[in-house]
Structure formats: C-alpha cells, structure tokens
Amino acid sequence: YDPTIASDLEAMLNSHAFSPLLLKRAAALRQTILAQGLTKYNLAGGEPTITAPAGRRLILVPGQVEDDAAVIHGGGAIRSNLALLRAVRTAEPDAFLIYKPHPDIEAGFRQGRIPKREVDGLADLVVTQTPITALFAIVDAVHCLTSLAGFEALLRGRPVTVWGQPFYAGWGLTRDRHACERRTQKLSLAELIAGALILYPTYVHPISKLYCSPEALITALHEMQNRK
C-alpha cells in the first residue's frame, strides 16, 4: 500500500519467471472468481437501473476510505473522494460518471463521505446498496485512486485508469496517471494474477484454520455463501 518504497510483491512481479503451468492455473483461478461473482466485500444487492444519454461513455468511480493507509501513502496528490471525482470529471468532461461510495462509508463507519451538494455537480449518478460486480458489467471503464476495485475491474476485462499507485498499476495493464519508475516489467493479466493471488499471499481456511490454496479458499467461501 506504500509505493514510496519497494515491496516484496513488487520485487516478485518485477523479476519472477512465470511458468506456463502457473499461468494456466492463474487463468483458471480468474475464471472461477468471475463465475462465482467474488469480490472483496461480496455484498448482496439489487441490479442497478441506469439511464444515460445515448453516446455517453459510462465510467465508474469507486470511492475509498480517506484515512486508509493506501490512500494516504499511495494516492499522490489526491487524498479525498471529492478530489478524485473532480480529477475524473476534468479528464472525462463528456462521460456519464457513476460514483459508488465505499461500503464502510455507506455504513457510516469511516471517513470519506462527500456532501450531496458537491457530488451533484460532478457525478451524474450516485449508486448505493449495489454489488460492484453488477456495475462492472455495464460500464465502459473504471477510474480509481488505489482501490482494489481497479484490480477487480481488470479481472473482468474493463479498462482501468489509475490516479494513485496501487500494486496492480505500472505493469502495462492500466492507464497510469502517476507512473512508478521501479516497475519496469510489462506483465500479462495472468502474470499479475499469478503473483498477486497465488505466489504472494498466505491463505488460511475459514473452517479448518489451516493454510490453504486460493482455490480451496474460494471453494470454502462459495460453500459458506450457499449455506446462508
């Protein structure tokens, strides 16, 4: 979350030789995530009804918790949701901007709410109580600061413009407003997935409490959802 210094993940993505077998596994993992509709929050909600004028590009702008370390350290000159919306509106004056507040902000738990009078002059639509996967399916592109939503949008084949420096930026897969010069490799999406979801993390199974693979964790999450 702090791009001012190199991380272990960044070093791995810069230097690892990804085998064909690992890349095949990464591609299969991506398809499983998409098929099951998994996201960071896995929130339920209705499908959005969005009516936009014909010919206008639909752009999703996910909000973030403003006192989160990823925003403080990785957001660069932009440190607020309002500043992000202003930057995107300036960059995309003719687009139909859809702003989705962060779930923790919607719930009133964290810092980052934009006053209605401010957001009304920038976003064409504010969407709440809607799973972000439903929005990925209908927008033309995503603009974000450091949000994991940008990575999730990449998994779903959406163009992503990044205004900060999250772990998934700088590898040739995103349009970067602030490049990280240390990130010299051009990665495929499968390579990014292999590094970020398979090689780097340590997973603990929610039932057995033992270390497990990402595939085993996804299976467990799916089973837990079906029991609800």
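Buried, in this talk, means under 20% relative accessible area. The model I am showing is predicted.

I will begin with the aromatic residues. How many aromatic pairs does a search of the whole structure find? The search returns three. I will go through two of them, and both involve phenylalanine 151.

In the pair of phenylalanine 151 and phenylalanine 167, the ring centres are 5.3 Å apart and the planes stand at 55°, so this pair is tilted. Phenylalanine 151 is in helix H8, residues 148–155, while phenylalanine 167 is in the loop between strand S5 (160–162) and strand S6 (175–176). The two are 16 residues apart, and the pair links distant parts of the chain. Phenylalanine 151 has 4% relative accessibility, so it counts as buried. Phenylalanine 167, at 27%, counts as partly exposed.

Next is the pair of phenylalanine 151 and tyrosine 168. Here the ring centres lie 6.2 Å apart with the planes at 35°, so this pair is tilted. Tyrosine 168 is in the loop between S5 and S6, 17 residues from phenylalanine 151 in helix H8, and this pair links distant parts of the chain. Is tyrosine 168 buried or exposed? Its relative accessibility is 0%, so tyrosine 168 counts as buried. Taken together, Phe151, Phe167 and Tyr168 form one aromatic cluster.

Now the helix that holds phenylalanine 151. H8 is mostly covered, with seven of its eight residues buried. Those buried residues are Ala149, Gly150, Phe151, Glu152, Ala153, Leu154 and Leu155. What covers them includes helix H2 (20–36), strand S1 (58–62), helix H7 (132–136), strand S4 (141–144), S5 and helix H9 (189–199).

That brings me to H9. Nine of its eleven residues are buried, so H9 is mostly covered as well. Among the buried ones are Leu189, Glu191, Leu192 and Ile193. Which elements cover the buried residues of H9? They include helix H1 (8–15), H2, H8, strand S7 (203–204) and helix H10 (214–226).

On to the cysteines. A search of the whole structure finds zero disulfides. Cysteine 144, for one, is in no disulfide, and the nearest cysteine sulfur, that of cysteine 180, is 15 Å away. Cysteine 144 is buried, with a relative accessible area of 0%. Cysteine 212 counts as buried too, at 18% relative accessibility.

Last, empty space. Rolling a probe the size of a water molecule over the atoms shows where empty space is left. The structure holds one cavity of 30 Å³ or more. About 40 Å³ of space lies in the largest cavity. What lines it? The lining consists of Pro62, Gly63, Gln64, Glu66, Val71, Arg79, Ser80, Asn81, Leu84 and Leu145. By class, that lining has four nonpolar, four polar and two charged residues.

Note on methods
Residues numbered from 1 in each chain as written. Predicted model: local features only at pLDDT ≥ 70, side-chain atom pairs only at ≥ 80, totals over all residues. Heavy atoms only, no water. 1 Å grid on protein atoms, 1.4 Å probe; cavity = no way out; pocket = protein on both sides within 12 Å on 5 of 7 lines; lining within 4 Å. Points joined across faces, edges and corners; volume = space filled by probe spheres on them. Nonpolar A, V, L, I, M, F, W, Y, C, P; charged D, E, K, R; others polar. Disulfide = S-S within 2.5 Å. Buried < 20%, exposed > 50% of the residue type's maximum accessible area, 1.4 Å probe, protein only. Phe/Tyr/Trp six-rings, centres within 6.5 Å; stacked < 30°, edge-to-face > 60°. Helix = DSSP H or I, 4+ residues; strand = E, 2+ residues; numbered from the N terminus. Contact = heavy atoms within 4.5 Å.
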